[in-house]
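Take a moment to look over the sequence and the 3D structure below. Then follow the helices one at a time.

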Amino acid sequence: CISGETDYTIGPAGVIQTRNGHILMTRVTGLGCTASALCGAFAAVTSEGAVAAAMAMAVLGIAGEIAAARSEGPGTLQLHLLDALYRLNADDIKRLLKVESRP
């Protein structure tokens with residue numbers, strides 16, 4: 001998985017591009033570690049590693065978008081991001097997911 005404005009996850013089935021997140025996320029220390037932890041958690045319950053990583057990055061990005069809408073800066077983004085991850089549900093993911101895959 002290569003993270004950025006678009007996250008690219010490369011696996012046996014091709015490339016998954018996820019376009020969730022917010023520019024303010026680049027100003028918060030520890031989000032790379034958070035992404036790694038989420039990738040590990042998703043890998044524990046998903047058989048395909050690339051799919052697990054793409055799903056984890058999408059969840060983090062969606063939570064970041066929700067948090068950024070409530071934040072005034074990077075300090076409050078970090079606070080709201082934890083709450084957004086805690087409250088995130090399947091309907092939020094379906095509504096906000098921006099993903100594309102190609103062989």
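Which residues of α3 are buried? Keep in mind that this is a predicted model. The buried residues of α3 are Leu77, His80, Leu81 and Ala84. What do they pack against? These buried residues pack against α1 and α2.

Now turn to α2. This helix has 22 residues. From its first C-alpha to its last, α2 reaches 32 Å, close to the 32 Å expected at 1.5 Å a residue. Is α2 mostly covered or mostly open? It is mostly covered, with 17 of its 22 residues buried.

How do α2 and α3 meet? Their axes come within 8 Å and cross at roughly 125 degrees. The crossing of α2 and α3 is right-handed. On the α2 side, the residues that meet α3 are Val59, Leu60, Ala63, Gly64, Ile66, Ala67, Ala68 and Arg70. On the α3 side, the partners are Leu77, His80, Leu81, Ala84 and Leu85.

Next comes α1. The axes of α1 and α2 come within 8 Å and cross at roughly 135 degrees. That makes α1 oblique to α2. This crossing of α1 and α2 is right-handed. From α1, the contact is made by Leu31, Thr34, Ala35, Leu38, Cys39, Phe42 and Ala43. From α2, the contact is made by Ala52, Ala53, Met55, Ala56, Met57, Val59 and Leu60.

Leu60 is found in helix α2. Its relative accessibility is 4%, so Leu60 counts as buried. Which residues does Leu60 touch, not counting those up to four places away in sequence? Leu60 touches Met25, Leu31, Thr34, Ala35, Leu38 and Leu81. Leu60 and Cys39 are 21 residues apart along the chain, and their C-alpha atoms are separated by 9.8 Å. The other residue is Ile66. Leaving aside its neighbours within four places in sequence, Ile66 is in contact with Ala84, Leu88 and Leu96.

Finish with a residue in a strand. Thr18 lies in strand β2 (residues 14-18). Is Thr18 buried or exposed? The relative accessible area of Thr18 is 0%, so this residue is buried. Leaving aside neighbours within four places in sequence, Thr18 is in contact with Glu5, Thr6, Asp7, Ala54, Ala58, Lys98 and Val99. Take Thr6 from that list. Thr18 and Thr6 are 12 residues apart in sequence and 5.6 Å apart in space, C-alpha to C-alpha.

Methods
Residues are numbered from 1 along each chain as its sequence is written. This is a predicted model: local features need pLDDT of at least 70, side-chain atom pairs count only at pLDDT 80 or more; totals for chains, interfaces and linings use all residues. Side-chain values use heavy atoms; hydrogens and water are left out. Contact means heavy atoms within 4.5 Å. Helices (H or I, at least four residues) and strands (E, at least two) are DSSP runs, numbered from the N terminus. The expected span of a helix is 1.5 Å times one less than its number of residues. Buried means under 20% relative accessible area, exposed over 50%, partly exposed in between (1.4 Å probe, protein chains only). Axes are lines fitted to C-alpha atoms, for helices over the stretch in contact, and angles run from 0 to 180 degrees between N-to-C directions. A crossing is left-handed if the near helix is turned anticlockwise from the far one by less than a right angle, and right-handed if clockwise. Angles under 35 degrees count as roughly parallel, over 145 as roughly antiparallel, 65 to 115 as roughly perpendicular and the rest as oblique.
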